[in-house]
Amino acid sequence: MPLLLECARVRGPEYLTQMWHFMCDALIKAIGTEPDSDVLSEIMHSFAKCIEVMGDGCLNNEHFEELGGILKAKLEEHFKNQELRQVKRQDEDYDEQVEESLQDEDDNDVYILTKVSDILHSIFSSYKEKVLPWFEQLLPLIVNLICPHRPWPDRQWGLCIFDDVIEHCSPASFKYAEYFLRPMLQYVCDSSPEVRQAAAYGLGVMAQYGGDNYRPFCTEALPLLVRVIQSVDSKTKENVNATENCISAVGKIMKFKPDCVNVEEVLPHWLSWLPLHEDKEEAVQTFSYLCDLIESNHPIVLGPNNTNLPKIFSIIAEGEMHEAIKHEDPCAKRLANVVRQVQTSGGLWTECISHLSPEHQAAIQELLNSA
């Protein structure tokens, strides 16, 4: 359906709006009544994408009222189902087969929870802080998701919803900080990598979008993020995405709240953690900040007499090899310009290239050819 709306856009805004009005009521009703969880998840996903296409103003007061009631019911059902499963685990007939069935039910419930998060993400990204009064009816339920005793998927998706509140509704989001800030700081060191990732992303957007009220919490977050990054198993397959979000969050704190931390002390460590290559979106953020630092001739980044440039070339080459640099992104052009500037300097270019493996040299050439 979102693709249908995209196609209808060529017919003009009036036609597009008519088509959306025709769809919207039916979609909301289906979210409230569809019994099959597989079909329901598809409808919820489609509805979220439609909101992203249509943007601010696509839902009227009646839509919001009905949708609020439905999402509230979905979250209440989520908690009730968890309680029922715990009761069944105490039953005398409980065995491995029953547990397998209960686990399937749990997976279905969690998948629906991800779609609730998708819908809220679309609404927050479209409506910004205007939607916060409507969101307050769901707030106690979202707060319940991030309680310490909840299973890790609940805490992950509860944090993701609060991440959106911070990213899209700041600085007004600080009104709700009492509900999520302490858990977010605590969960950045959680045993679950998924929870750590959601918490770290939240701390990053807090620095980027959060406003002055969040400053002391950026200072408090830094050592927690560093602890995760420097842990022995931080780069294992199951941990790397959470770790990269922590590295990106440290970069965002330095970039957007530089007075909250000792940038000169942190920067050499941050450079040693680059590049990011698993989380492509956060990789773009870190490369963008790296470009800012290089273009401003930051002495710590370039090093005395540009001695850090070979290391920077290595970071750029690694990013290119792992496809963390998107050629259509403005950042790619900026990185290519950095390389071209060094190319004109003769001896320095030779020095930088001599430190690179043939694979890294080929990656640098690929970047120059495409950006």
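The model is predicted, so local features need pLDDT of at least 70 and side-chain atom pairs count only at pLDDT 80 or more, while totals for chains, interfaces and linings use all residues. Residues are numbered from 1 along each chain as its sequence is written, and side-chain values use heavy atoms, with hydrogens and water left out.

The protein has 19 helices and 0 strands (DSSP runs numbered from the N terminus, helices being H or I of at least four residues and strands E of at least two). Its C-alpha trace spans about 70 × 60 × 45 Å along the principal axes. An automatic or database assignment gives domain 1 (1–88 + 98–136), domain 2 (159–273) and domain 3 (277–370). The C-alpha centres of domain 1 and domain 3 sit 42 Å apart.

Of the 371 residues, 52% are buried (under 20% relative accessible area with a 1.4 Å probe, protein chains only; exposed is over 50%, and partly exposed lies in between). Nonpolar side chains in soluble globular proteins tend to be buried together. Here, the largest nonpolar core has 129 residues, and Trp-20, Phe-47, Leu-59 and Trp-270 have the most contacts inside it. Such a core is a set of buried Ala, Val, Leu, Ile, Met, Phe, Trp, Tyr and Cys residues joined through side-chain atoms within 4.5 Å.

Leu-67 itself belongs to helix H4 (residues 61–89) and counts as buried because its relative accessibility is 0%. Beyond its neighbours within four places in sequence, Leu-67 touches Ile-28, Phe-47, Leu-59, Ile-119, Ile-123 and Trp-134.

Now for the backbone. Most residues other than glycine have a negative phi, and most peptide bonds are trans. Ser-170 and Pro-171, however, are joined by a cis peptide bond with omega of about 5°, and Pro-171 lies in the loop between helix H8 (152–169) and helix H9 (177–187). The bond from Leu-274 to Pro-275 is also cis, omega being near 5°; Pro-275 lies in the loop between helix H13 (263–273) and helix H14 (280–295).

Asn-297, not a glycine, has a positive phi of about 55° and is exposed, with a relative accessible area of 54%. Glu-323, in the loop between helix H16 (309–321) and helix H17 (330–343), has a positive phi near 60° and is exposed at 62% relative accessible area.

Conventions: Contact = heavy atoms within 4.5 Å.
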